[in-house]
Amino acid sequence: MRRFADATSIDELIAKSTERHSKIDPYKEHLHRRWNEGATDAARLTDEIVELGYRGSVQLVRRYLRRFRDGRTVPPAGPVPPTVRETVRWLMTRPDRLDADDQLALKSVLARSTELDTLAAHVADFARMVTKLEGQRLDTWIDGVDGDTLPALASFARHLRNDHDAVVAGLTLPHSSGPVEGTVNRIKMLKRQMYGRANFDLLRKRVLIRKLGDQAVT
């Protein structure tokens, strides 16, 4: 959470973290408590957290505990901050599809970052345009993004302006290129399966057989 509280811009939050998320993070509270109770054997403590779901090595536990061997009382472990991937998943998931814990975690994160809260609002607004075909609101959405200090999102909005008419059509009309894209991807898959060793005639036969098979299923 401290990373979100101390961040000066949204770019710092969405950038790849310089610190690797450790497998030991979810078990720090247990390790701190047991250390203060007098259990200082790394192998024994590893066995304990393995029963809780730990999948790392005893060497990782030993390296983590090495900092506490000066005899001082170990402070309680703080809450594990969410990863960038977790936060992005929360933002990109429909609110009604998040479970109670994820909703609470997202609310806590947004409360600590004004910029992230603003970003979440823009993302939700854009998602409504896509799902409800409200392309007439695109210009208003872009103007709102331009008025905020969100460089990455502003860059995305500028690219939308470069192909404005097509974007508005895509956000307004009920037509979709999905079936065409699906057919193209299926043909590419069949072609890759042949590794370039067969000619066009065989590819054509495989496409036709696949098409007949799909029709038989439906």
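## Aromatic pairs

The structure, which is a predicted model, holds 6 aromatic pairs. Rings of Phe, Tyr and Trp (for Trp, its six-membered ring) count as a pair if their centres lie within 6.5 Å; planes under 30 degrees apart are called stacked, those over 60 edge-to-face, and the rest tilted.

Phe126 belongs to helix α8 (residues 114-132) and Phe156 to helix α10 (residues 151-162), so the pair ties together parts that are 30 residues apart in sequence. Phe156 has a relative accessible area of 37% and is therefore partly exposed. Elsewhere, Trp35, Tyr64 and Phe68 make up one aromatic cluster.

## Basis of the values

Residues are numbered from 1 along each chain as its sequence is written, and side-chain values use heavy atoms, with hydrogens and water left out. Because the model is predicted, local features need pLDDT of at least 70 and side-chain atom pairs count only at pLDDT 80 or more, while totals for chains, interfaces and linings use all residues.

## Helices and burial

The protein chain contains 13 helices and 0 strands. Helices (H or I, at least four residues) and strands (E, at least two) are DSSP runs, numbered from the N terminus. Of the 218 residues of the protein chain, 27% count as buried.

Leu65 is found in helix α5 and is buried, at 0% relative accessibility. The C-alpha atoms of Leu65 and Leu31 are separated by 8.4 Å, although these residues are 34 residues apart along the chain.

## Salt bridges

Side chains of opposite charge can pair when their charged atoms come close. A salt bridge is defined as a side-chain nitrogen of Lys or Arg within 4 Å of a carboxyl oxygen of Asp or Glu. By this rule, the structure has 12 salt bridges. In one of them, the side chains of Asp25 and Lys28 meet at 3.0 Å, N to O. Asp25 is buried, with a relative accessible area of 13%, whereas Lys28 is partly exposed at 24%.

The side chains of Arg34 and Glu37 form another salt bridge, at 2.9 Å from N to O. Arg34 counts as buried, at 13% relative accessibility. A further salt bridge joins the side chains of Arg89 and Asp102, with an N to O distance of 3.3 Å. Arg89 lies in helix α6 (residues 84-92) and Asp102 in helix α7 (residues 100-112), so the pair ties together parts that are 13 residues apart in sequence. Arg89 is partly exposed at 40% relative accessibility, while Asp102 is buried at 13%. Salt bridges that share partners also join Arg33, Arg34, Glu37, Arg44 and Glu48 into one network.

## A patch of positive charge

On the surface, Arg62, Arg63, Arg66 and Arg69 gather in a patch of positive charge. Patches are made of residues with over 30% relative accessible area and no salt bridge; like charges are joined within 9 Å, and nonpolar side chains (Val, Leu, Ile, Met, Phe, Trp, Tyr) within 5 Å. Accessible areas come from the Shrake-Rupley method with a 1.4 Å probe, and for residues only the protein chains shown count as cover. Lys and Arg count as positive and Asp and Glu as negative, while His and the chain ends are not counted. The place of a charge is taken as NZ of Lys, CZ of Arg, CG of Asp or CD of Glu.

One member of the patch, Arg63, is found in helix α5 (residues 58-65). Arg63 is partly exposed, with a relative accessible area of 48%.

## Two loop residues

Arg55 is found in the loop between α4 (42-50) and α5, and counts as exposed at 64% relative accessibility. Arg55 and Ile24 are 31 residues apart in sequence, and their C-alpha atoms are 8.7 Å apart in space.

Leu133 is found in the loop between α8 and α9 (138-146). Phi of Leu133 is near 55°, a positive value in a residue other than glycine. At 32% relative accessibility, Leu133 is partly exposed.

Notes:
Buried < 20%, exposed > 50% of the residue type's maximum accessible area, 1.4 Å probe, protein only.
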